[in-house]
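Subject: Structure for you to look at, with notes

Dear colleague,

Here is the structure I promised to pass on. Please open it beside this message, so that you can follow the residues as you read.

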Amino acid sequence: MGEECDQLRKHLKENGQEHLMKFYDTLSQDQQLAFLRDLQSIDYPKMKLAFEKTTAEATTLQKKDENLRPVPPEQVGSVIGAENQNSVAIWRNQGLQAISEGKVAVLLLAGGQGTRLGVNFPKGRYDVGLPSGKTLYQLQAERILKLQELAYEHTGGGATIPWYIMTSEHTMVDTAEYFQNHKYFGLQEDDVILFEQHTLPCFTFEGKIILDQPGKVSRAPGGNGGLYEALHENCHIDKMRERGIEYVHVYCVDNILVKMADPVFIGFCIDKSAECGAKVVEKKRPEERVGVVVKCNGKYQVAEYSEISEELQKKRDPDGKLTFREGNICNHFFTIDFLEKIVKELEPSLKYHIAEKKIPYVNDSRKRIEPDKPSGIKLEKFVFDVFEFAEKFAVLEVAREDEFSPLKNKKGSQTDSPETALRDLLNLHHKYIIKAGGTFADSTKDGSSLCEISPLLSYAGEGLEEVVKGKQFSATKTIHLKAESEEGKNGELPCKNVKEG
């Protein structure tokens with residue numbers, strides 16, 4: 001091991017990372033061996049080049065105004081407004097047909113840690129406080145089950161929707177055990193496929209790799225754009241083809257309102273012959289810090305808030321809407337052909353981005369420090385950076401209140417918190433009941449109500465008429481509508497009854 005260690009020291013010095021060995025002699029023999037393997041797994045020249053190139057580009061970042069154009073109107077659709085409902089029905093039927101034929105998969109990006117949320121477990125396990133106590137993972141699993149049922153009812157075809165879940169070293173074991181312990185929430189075990197994305201070393205602002213512990217490098221998931229490398233390493237594109245998959249819906253774990261394999265979105269993209277698509281919500285305020293889908297130098301991309309001047313952000317069309325308004329919500333459609341081209345050919349050309357984070361580190365006294373302000377840099381790739389390679393691209397606008405409520409910040413935060421996620425889901429369910437013919441005798445001060453509808457009963461508000469039509473509810477009491485298959489669980493009433501309390 002001595003010669004091996006000497007060679008590594010030399011290699012580290014050549015790449016300006018010799019500091020990584022400063023505590024090596026204080027480690028036990030087993031720790032030294034594990035640490036050597038950890039250090040040997042890093043491609044230092046590649047990481048050095050990536051850091052230098054990415055930080056250099058960040059310091060010379062310029063506004064993109066003169067090169068920006070909105071996505072052409074003919075490539076944009078909307079589910080909003082009565083005038084679009086005929087098209088929505090057509091898209092939905094197309095999507096349900098594709099699902100029933102086994103052509104659709106969903107892919108969940110779940111590699112991030114719950115640091116901002118204030119938890120030490122995967123975000124998907126989070127319970128925002130629903131009457132049922134269901135977590136994000138359970139809600140999503142049950143939506144898949146219900147959608148399979150709807151596709152069968154619509155076409156008579158009995159296919160399943162495989163659920164691919166990309167984790168990281170921080171979330172893999174916990175996520176796998178969680179699904180096993182809950183028997184995959186009724187899904188077939190073979191249809192829940194977990195795989196792990198790579199982590200990358202974290203850097204100081206000067207480009208030095210950070211030590212998390214005396215014998216361990218600080219690492220973090222390389223952003224949701226690490227998806228493509230992970231798909232390649234696990235050969236999942238080939239496996240998807242073997243299953244007959246033609247379309248893949250990709251989304252992030254933290255959106256409590258997400259519609260996985262949304263048949264309307266799938267059908268819309270098929271109708272547009274798109275190889276790549278994005279769901280968006282309308283950006284209504286110029287100052288809102290959200291990336292927007294645009295065309296830049298003739299290529300599709302997401303332009304970040306910092307890349308557009310204040311003047312252009314305020315620009316409006318004759319109808320009063322912002323010219324650049326297609327807000328990105330990390331909700332995407334890909335054909336398997338497009339994904340294969342990215343995964344097998346184009347992934348190395350995807351650029352890194354900089355994220356300044358509070359990264360724990362070991363000081364000279366071997367004490368682990370948890371900083372209270374950004375202390376280093378994580379390099380990340382973004383899932384939407386592949387838009388530029390798409391020749392046939394489509395954008396579907398959806399209502400924010402119906403489909404986007406991210407869970408990012410800890411309890412008590414004003415935005416993107418457990419409280420706002422809970423509020424938005426309950427308000428959506430309240431709207432479903434009204435639309436299906438139910439009424440409310442009273443209202444709460446803020447207009448919200450504690451009203452939950454199980455995904456096993458309704459995927460997106462459909463099929464509720466026989467349960468709620470002509471019935472009156474109280475907005476000040478808990479309402480929980482469940483499916484017959486949930487009868488008796490948690491001591492609650494059967495579904496086609498309503499629990500109020």
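This is a predicted model: local features need pLDDT of at least 70, side-chain atom pairs count only at pLDDT 80 or more; totals for chains, interfaces and linings use all residues.

Residues are numbered from 1 along each chain as its sequence is written, and side-chain values use heavy atoms, with hydrogens and water left out.

Domains

The domain assignment gives domain 1 (1–41), domain 2 (64–402) and domain 3 (418–484), and such bounds come from an automatic or database domain assignment. The centres of domain 2 and domain 3, taken over C-alpha atoms, are separated by 28 Å. In contact terms (heavy atoms within 4.5 Å), 25 residues of domain 2 meet 21 residues of domain 3. Between them the two domains bury about 1,900 Å², with 69% of it on carbon and sulfur atoms; buried area here is the accessible area, with a 1.4 Å probe, that two parts lose on being put together, summed over both.

Across this interface of domain 2 and domain 3 the rule finds one salt bridge, a term that stands for a side-chain nitrogen of Lys or Arg within 4 Å of a carboxyl oxygen of Asp or Glu. It also finds five residue pairs in polar contact there, both residues being at pLDDT 80 or more; a polar contact is a pair of N or O atoms within 3.5 Å, where within protein one must be able to donate a hydrogen and the other to accept it, and residues adjacent in sequence count only if both atoms are side-chain atoms. On the side of domain 2 that touches domain 3, helix 5 (136–155) and helix 12 (400–403) each supply at least two residues, and helix 5 gives the most, with seven. Helices (H or I, at least four residues) and strands (E, at least two) are DSSP runs, numbered from the N terminus. The residues on that side of domain 2 divide into 14 nonpolar, two polar and nine charged, where Ala, Val, Leu, Ile, Met, Phe, Trp, Tyr, Cys and Pro count as nonpolar, Asp, Glu, Lys and Arg as charged, and the others, Gly among them, as polar.

Salt bridges

A search of the whole structure finds 28 salt bridges. For exposure, buried means under 20% relative accessible area, exposed over 50% and partly exposed in between (1.4 Å probe, protein chains only). Lys-408 is partly exposed at 27%, whereas Asp-254 is buried at 8%.

Glu-403 forms a salt bridge with Lys-279, in which the closest N and O atoms are 2.4 Å apart. This pair, too, links distant parts of the chain, Glu-403 being in helix 12 and Lys-279 in strand 11 (residues 276–282), 124 residues apart. Glu-403 is buried, with a relative accessible area of 5%, and Lys-279 is buried at 0%. Elsewhere, Asp-238, Arg-241, Asp-337, Glu-340 and Lys-344 are linked in a network of salt bridges.

Single residues

His-332, in strand 14 (residues 326–335), is buried, with a relative accessible area of 0%. Leaving out residues up to four places away in sequence, the residues that His-332 touches include Val-248, Phe-265, Val-383 and Phe-387.

Gln-313, in helix 10 (residues 310–314), counts as buried at 7% relative accessibility, and its side chain reaches the backbone oxygen of Tyr-305 at 3.1 Å.

Two residues other than glycine have a positive phi. Cys-235, with a phi of about 60°, lies in the loop between helix 7 (227–233) and helix 8 (236–243) and is partly exposed at 40% relative accessibility. Asn-297, with a phi near 55°, is found in the loop between strand 12 (292–296) and strand 13 (299–303) and counts as exposed at 57%.

With best wishes
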